Amino acid sequence: MKESPFKVLLIDDDEDDYILTRDWFGEFQVPCGELEWINNYQAAIDAIVKNQYDVCLVDYRLGARNGLELLREAIAKGCSSPIILLTGRGDRKIDIEAMKAGAADYLEKSQLTAPLLERSIRYAVERRRAEQKIREHAALLDVATDAIFVRDLKNKILFWNKAAEKLYGWKATEAIGKNTSELWYEKDIADFSEALETLLKNGSWEGELHQITKFDKEIIVESRWTLVREFDKQGQSILVVNTDITQKKELEAQFFRAQRLESIGTLASGIAHDLNNVLAPILMTAQLLESQLHDARSKRLLPILISNAKRGANLVKQVLSFTRGIEGNRTLLQLKHLMREIQQIVKETFPKSVEISTQIAPNLWTVLGDATQLHQVLINLCVNARDAMPNGGKLTISAENFIVDQNYAKMYLDARVGSYVAITVTDTGVGIPQEIIDRMFEPFFTTKDLGKGTGLGLSTVLGIIKSHGGFVNVYSEVGKGSQFKVYLPAQEAMETPEEQEEELPSGNGELILVVDDEDSIRDVTKTSLESYNYKAITASDGIEAIALYAEHQNEISVVLTDMVMPSMDGITTIRTLKKINPAVKIIAVSGLASSEKVNTVNNMGVKAFLAKPYTAKQLLQTISAVKSEN
């Protein structure tokens with residue numbers, strides 16, 4: 001391949017030196033390119049900072065000024081071309097100062113020859129091109145979405161890209177030189193040690209690691225390690241490429257849970273048919289014997305037999321309802337009538353210590369459903385709420401029209417964009433631990449004492465709602481209560497063209513701080529805000545939020561913070577933000593908007609409360625309202 005010619009600038013106030021240099025160019029073994037000449041300091045500065053030359057030759061003596069001054073000024077003004085300083089006679093002090101100032105080389109004129117000049121120019125240009133390639137490669141590493149870093153065999157960080165900064169929360173200046181144990185925590189040290197052994201044996205390793213980052217955020221990374229013989233003049237090092245797969249794993253878990261439910265349901269369906277065949281003759285025989293045997297012992301035992309056979313038959317019906325998604329008789333229903341019926345049953349049968357209230361939105365849309373099955377859904381949810389409040393409490397059943405938009409659908413796997421009627425059953429009971437929430441819709445899973453529950457109530461609820469094309473969301477806090485939201489597709493959304501055509505309130509480039517420990521909610525909220533002309537920065541907990549607010553206080557217009565987070569909860573976060581800036585505008589967010597919680601944040605000066613999950617419309621309208629407050 002033909003080499004492109006160099007463009008060389010000579011800065012020298014002696015025309016004889018220019019002629020000599022030009023002649024040397026003619027003697028070069030390989031044609032070097034074109035040579036331009038400038039004979040004064042100011043013209044040289046104006047030309048050199050344009051970075052149009054591959055290399056600059058600068059004479060030390062330039063009238064009242066000198067080449068060393070020109071070198072320093074040119075570099076200060078952004079010159080990136082390599083500069084070679086030419087001196088009349090060797091001066092060790094000047095040579096050292098030239099190299100400190102950034103000269104690519106220095107040459108003594110009295111000993112200069114054509115081959116020496118050609119070699120110096122070529123080395124300078126090739127070195128600059130090599131450095132440029134290194135910078136380009138480094139830039140590519142910084143735009144990569146994977147966290148890429150290099151650590152030595154003692155786990156000290158030697159290189160750290162931008163994606164690593166984002167994933168682990170440490171800037172490169174903070175991370176380089178530190179041990180990895182100071183930057184994050186490996187949840188399974190045994191796996192980590194085993195991975196290191198495999199790497200040293202095979203030269204590479206791939207696998208999954210569970211880690212806890214700077215802000216106590218748990219992540220799962222797909223990690224790839226490669227042994228590097230030498231990096232940055234160090235001995236053996238390890239190149240690590242980590243891909244954050246936390247969200248992917250969460251979606252996989254939901255998918256596998258759905259598959260597990262389907263498999264269990266198929267098995268249970270087969271067992272249920274056999275149980276029906278066994279229970280039917282037992283029940284019929286027991287009822288026949290009841291009419292024929294009149295002794296005291298038979299009268300005492302037969303009702304027990306019949307009662308338990310009926311209970312078994314009802315259990316089979318629940319299993320079949322769950323597994324087959326029985327459609328039943330689907331008709332257009334107005335759910336407010338069903339809710340009033342449930343309210344009456346609860347009032348008559350539940351303990352007086354359980355206070356019940358219903359809230360039904362006006363003009364509630366209709367749904368296409370089986371009244372008996374939906375009655376079973378509400379009864380199951382209300383019974384669970386009662387059992388969660390052994391010492392009494394408040395049970396609230398509400399219904400409202402709800403539009404699921406793209407924003408909401410991205411937060412929940414089962415949600416689809418469209419019109420729904422949302423029924424919410426809320427209790428003030430003991431709450432549900434997170435590890436139980438993940439399993440409570442499984443058939444036969446129960447936390448109740450033996451004989452007090454079959455573990456089929458919630459699995460039946462899920463089966464019925466899914467067969468109606470709907471979905472269920474659960475939010476709970478231990479010691480605070482639980483909220484079950486059932487969404488059923490609406491069949492008759494009342495048209496309100498004016499509202500539908502009304503544009504959602506957009507921002508004017510204001511910066512919003514979004515604080516939430518859920519990655520998906522943080523990301524979707526940020527995307528929604530940016531789609532409507534807002535800027536957004538995110539924090540995964542209160543500690544990170546405080547740090548970001550302190551740094552960007554004058555730019556942040558509104559803070560949107562979740563109330564339940566690790567490290568520092570929403571209440572403490574709000575108090576701290578108020579200390580930093582009493583006028584800060586805050587929107588509190590929670591999945592369980594209890595009156596106690598709303599009152600607490602209202603007393604702290606928070607004027608808006610947003611229930612999670614929220615639509616883009618709810619988010620934008622709430623922010624608009626808070627912004628307009630004086």
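This is a predicted model: local features need pLDDT of at least 70, side-chain atom pairs count only at pLDDT 80 or more; totals for chains, interfaces and linings use all residues.
Local features were considered at pLDDT of at least 70 and side-chain atom pairs only at pLDDT 80 or more, whereas totals for chains, interfaces and linings use all residues. Residues are numbered from 1 along each chain as its sequence is written, and side-chain values use heavy atoms, with hydrogens and water left out.

Helices (H or I, at least four residues) and strands (E, at least two) are DSSP runs numbered from the N terminus. Two strands are taken to pair if DSSP finds at least two bridges between them. Strand β8 (residues 147-152) is joined to β9 by three bridges in the antiparallel sense, and R151 stands opposite I157 in β9.

A second open sheet has five strands in the order β22-β21-β23-β24-β25, with parallel pairing. Strands β22 (535-539) and β25 (608-611) are at the edges and pair on one side only. From one strand to the next, the twist averages 20°. Strand β24 (residues 586-590) runs parallel to β25 and is joined to it by four bridges; S590 has A611 in β25 as its bridge partner.

The axes of α19 and helix α20 (residues 570-580) come within 10 Å and cross at roughly 15°. These two helices are therefore roughly parallel to each other, a term for angles under 35 degrees. Their crossing is right-handed, the near helix being turned clockwise from the far one by less than a right angle. In this pair, G542, A545, I546 and Y549 of α19 meet T573, T576, L577 and I580 of α20. The axes of α18 and helix α22 (residues 616-628) also come within 10 Å, crossing at roughly 65°. Here T525, S528 and L529 of α18 meet L619, L620 and I623 of α22.

A nonpolar core is a set of buried Ala, Val, Leu, Ile, Met, Phe, Trp, Tyr and Cys residues joined through side-chain atoms within 4.5 Å; buried means under 20% relative accessible area (1.4 Å probe, protein chains only). The largest core has 38 residues, of which L335, L374, L381, L395, I397, I465 and L488 touch the most other members. Its largest share, six residues, comes from α13. Beyond four places in sequence, I465 is in contact with L374, V377, G470, F471, V472, V486, Y487 and L488. Another core, of 24 residues, lies apart and includes Y41, A47, L68 and A103.

S120 is in helix α5 (residues 114-143) and is buried, with a relative accessible area of 5%. Not counting residues up to four places away in sequence, S120 touches I84, D105 and L107.

Definitions and conventions. Axes are lines fitted to C-alpha atoms, for helices over the stretch in contact, and angles run from 0 to 180 degrees between N-to-C directions. Buried means under 20% relative accessible area, exposed over 50%, partly exposed in between (1.4 Å probe, protein chains only). Contact means heavy atoms within 4.5 Å. Angles under 35 degrees count as roughly parallel, over 145 as roughly antiparallel, 65 to 115 as roughly perpendicular and the rest as oblique.
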